[in-house]
Amino acid sequence: MERADIVALDKRYVWHPYTAMDEYIASTDPLVVVRAEGPYLYDADGTRYLDANGSWWVSTLGHRHPRLVRALTEQAGTFPHTSLAGVTHEPAARLAQELAALAPGAGRTDLPAGERLSRVFYSDNGSTAVEVAIKMAAQHWAQNGRPRRTRFITLSGAFHGETIGSTSVGGVQLFRDIFGPLLFDVVHVPSPAEPEGWERAFSRVEATLREHPDEIAAVILEPVIQGAAGMHIYAPEFLRAVREATRAVDTFLIADEVFTGLGRTGARFACDLAGVVPDLLCLAKALSGGLMPFAATLATERVFAGFGGGRERALYYGHSYCGNPLGAAVAREVLAVYRDEDVLGQVARKAPKVKAAFERMAAAIPGVTQPRAIGMVGAVDLGGGGYLARGGWRVYEAARRRGLYLRPLGDTVYVAPALNIPDAALDELLAGVEASLREVAAGRA
């Protein structure tokens, strides 16, 4: 098909996520991707774009990594799908073993067996990985002597997904307010990334746990960096303090590592930066390298044990594609590529370059503020307009003219490219972001 024909069909029939469709239909010229390879997307018009956000943070090994494609093809040639209800298969069983061996705390000899993340429940995306964790926590307490534990503590600015449960524990008001009548009650505390410091946020968490120990099923948070809130980074000390506070009242900590898991922050898991082992850990995005919708929720042996004792106590939850063999086979190969290509070592080497570039941009370009970086994430702000602000989208347009695909968060301009992005491509990306910010700043002067 011609490019114009694809766009016409798209605008006639497709409803896009996070998109004001009337504006899109009237005036947007979208990227029309026909091919992808490594850190690049290729438009039908022949333009090559550097993918600065890993296509919504999933392509941590770049697009079409040959080993992942091979694993997908080989598994499809054997059997592409079976349910996991009373059935098992090698990819799912072996992946679960490998995830348990990599999970936070796996190598600690001082950790009691009940506190090890040794059980893996599969699902198909980050939202459902979080939904699973919410249900596990609530049901565990309901059938193990603490039925009043039905509330969750979450952070202002938190984003945990799109289902009603994961929206309930979210903290981005724009995404949750319209659904208010459908959401369950949660306790929102200030973000630990706010200027007042993480101590203020922790004092609210601690006070809530102390005052309502029989009501809180879990504290849920994005460890160290709140992505959708605007790449807000906070101190690992907050995470450690929250872990100790939940232990003090014997309730659960849920770590949503859908964005941060598998190297984005420079550690295998962001929890590792704080030396913390949660009770439940949610994974998706990087887990299948951008090839398949695939997710997992890891639980401790203690959580798992709370579902034994009779059929009525089982976790009656699941999806048709839970543990899909295609996704499981690809995920196993993702973990192998991380080992064989020293992906975490690559991040350690490249991360200082990202940090220095964003600090330089903020120091040199008028109106560019709040530089921050961790691992392979770098961000700056153009103002305080929030998610609906347009400043970042002016930078998006300037970057697109330079062959970069950015996706700002309102006035926040950020990069989260493939972790294995070649050095030359990373230099091109950072230089292009800086040039685009300078262009927009000059136009406002």
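Y18, W56, F159, F175 and Y387 form one aromatic cluster. Rings of Phe, Tyr and Trp, the last taken by its six-membered ring, pair if their centres lie within 6.5 Å; planes under 30 degrees apart count as stacked, over 60 as edge-to-face and the rest as tilted.

Before going on, the ground rules. This is a predicted model, where local features need pLDDT of at least 70 and side-chain atom pairs count only at pLDDT 80 or more, while totals for chains, interfaces and linings use all residues. Residues are numbered from 1 along each chain as its sequence is written, and side-chain values use heavy atoms, with hydrogens and water left out.

Back to the rings. The structure holds 15 aromatic pairs. In one of them, W57 and F259, the ring centres are 4.2 Å apart and the planes are at 40°, so the pair is tilted. W57 lies in helix 3 (residues 54-57) and F259 in the loop between strand 10 and helix 11 (270-274), so this pair ties together parts that are 202 residues apart in sequence. Helices (H or I, at least four residues) and strands (E, at least two) are DSSP runs, numbered from the N terminus. Both W57 and F259 are buried. Buried means under 20% relative accessible area, exposed over 50%, and partly exposed in between, with a 1.4 Å probe and protein chains only.

The rings of Y234 and F238 have centres 5.4 Å apart and planes at 85°, so that pair is edge-to-face. Y234 and F238 are buried as well.

Next, the strands. Two strands pair if DSSP finds at least two bridges between them. Strand 7 (residues 216-221) is mostly covered, with six of its six residues buried. Strand 7 pairs in the parallel sense with strand 5 (residues 151-155) over three bridges, and F152 stands opposite A218 in strand 7. Strand 7 also pairs in the parallel sense with strand 10 (residues 252-256), over four bridges; there L221 stands opposite A255 in strand 10.

An open sheet of four strands has the order 1-2-3-15 and mixed pairing. Its edge strands are strand 1 (33-37) and strand 15 (404-405), each pairing on one side only. Strand 3 (residues 48-51) and strand 15 run parallel and are joined by two bridges, with Y405 in strand 15 as the bridge partner of D51.

A further open sheet has three strands in the order 13-14-16, with antiparallel pairing. Strand 13 (369-374) and strand 16 (412-415) are the edge strands. The twist averages 10° from one strand to the next. Four bridges join strand 13 to strand 14 (residues 377-381), and the bridge partner of I374 is V377 in strand 14. Helix 14 (residues 343-364) lies across strands 13, 14 and 16, running at about 10° to strand 14.

Helix 5 (residues 90-102) and helix 13 (residues 325-340) pack at an angle of about 40°, with their axes 9 Å apart. Axes are lines fitted to C-alpha atoms, for helices over the stretch in contact, and angles run from 0 to 180 degrees between N-to-C directions. P91, A92, R94, L95, E98, L99 and L102 in helix 5 meet P325, A328, A329, A331, R332 and L335 in helix 13, where contact means heavy atoms within 4.5 Å.
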